[in-house]
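This report covers nonpolar packing and backbone geometry. Have the sequence and the model open while reading.

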Amino acid sequence: MIRACAHNPYVEQMYSEFKDWSFDDNAIEQKGYWRERVFETEAQQTPLDLEIGTGNGTHFAQLAKNHPDRLLVGLELKYKTLVQSIRRCLRDGATNARMAKFSADDIDQVFAKEEINDVYIHFPDPWPKKRHHKNRLIQKEFLLRLYEVMRKDSYFEFKTDDYPYFLWAMNLFVQSPFELVFYTEDLHHSFRKNKNFVTHFESLFIKRNEPIFYCRLKK
């Protein structure tokens, strides 16, 4: 499934050890068939969730392990984090997750209309310089594509430590078709604190007593 690359050991691992758990450009071929073809379930109502940008995979693995009744796909662009994410799942005995090395900008090339349920985007690259804002994941066009591939009554969760990016995103969220259910400028002092899974990256901000910005949207 994954092309081997002599200069990157993580590609080699994906091609061998994790070849049945990972996708590359061939993720496009699974569009509309993730449940039945990839996860081999005929139950079209089985929830299929998505995490965009899994990082080292702690949240990704936690989702897969704690929700064995749901299916999970992760999108990542770095081979190392891809391998780390799926490896954590398998170490925990969670076989309900898959990874794909694919850009979330083209999410409608990987998933069909109303194919996925809940979506998680945690700590995406804020691209802080103004001239780089066009590289941010949260854009008007992206939100429209995301809305189309999600099922009705599903949720979209967004977290960031970057306040300017949060304001940027909130402005686009309220203009999008999504319903803004909840937002806070200090997640760890909100009622959703106990529902939040703290990653290692997030814990660094907690130790410094710096706020995490969060919002939850619904289709």
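Where is the place of Asp153? Asp153 sits in the loop between H6 and strand E6 (155–160). The model is a predicted one.

## Positive phi at Asp153

Asp153 is not a glycine, yet its phi is positive, at about 70 degrees.

## Positive phi at Trp127

Trp127 is another non-glycine residue with a positive phi, here near 40 degrees. Its loop runs between strand E5 (119–122) and helix H6 (140–149). The relative accessible area of Trp127 is 30%, so this residue is partly exposed.

## The largest nonpolar core

How many residues does the largest nonpolar core have? It has 39. Trp34, Ile138, Phe142, Phe156, Phe158 and Phe173 have the most contacts inside this core. Helix H7 (residues 163–175) supplies the largest share, with six residues.

Phe142 is one of the residues with the most contacts in that core. Leaving aside residues up to four places away in sequence, Phe142 touches Ile52, Ala104, Asp105, Ile107, Ile121 and Leu137.

## A second core

A separate core of 18 residues is also present. Among its members are Trp21, Leu63, Val83 and Ala97.

How values were computed: Residues are numbered from 1 along each chain as its sequence is written. This is a predicted model: local features need pLDDT of at least 70, side-chain atom pairs count only at pLDDT 80 or more; totals for chains, interfaces and linings use all residues. Side-chain values use heavy atoms; hydrogens and water are left out. A nonpolar core is a set of buried Ala, Val, Leu, Ile, Met, Phe, Trp, Tyr and Cys residues joined through side-chain atoms within 4.5 Å. Buried means under 20% relative accessible area, exposed over 50%, partly exposed in between (1.4 Å probe, protein chains only). Helices (H or I, at least four residues) and strands (E, at least two) are DSSP runs, numbered from the N terminus. Contact means heavy atoms within 4.5 Å.
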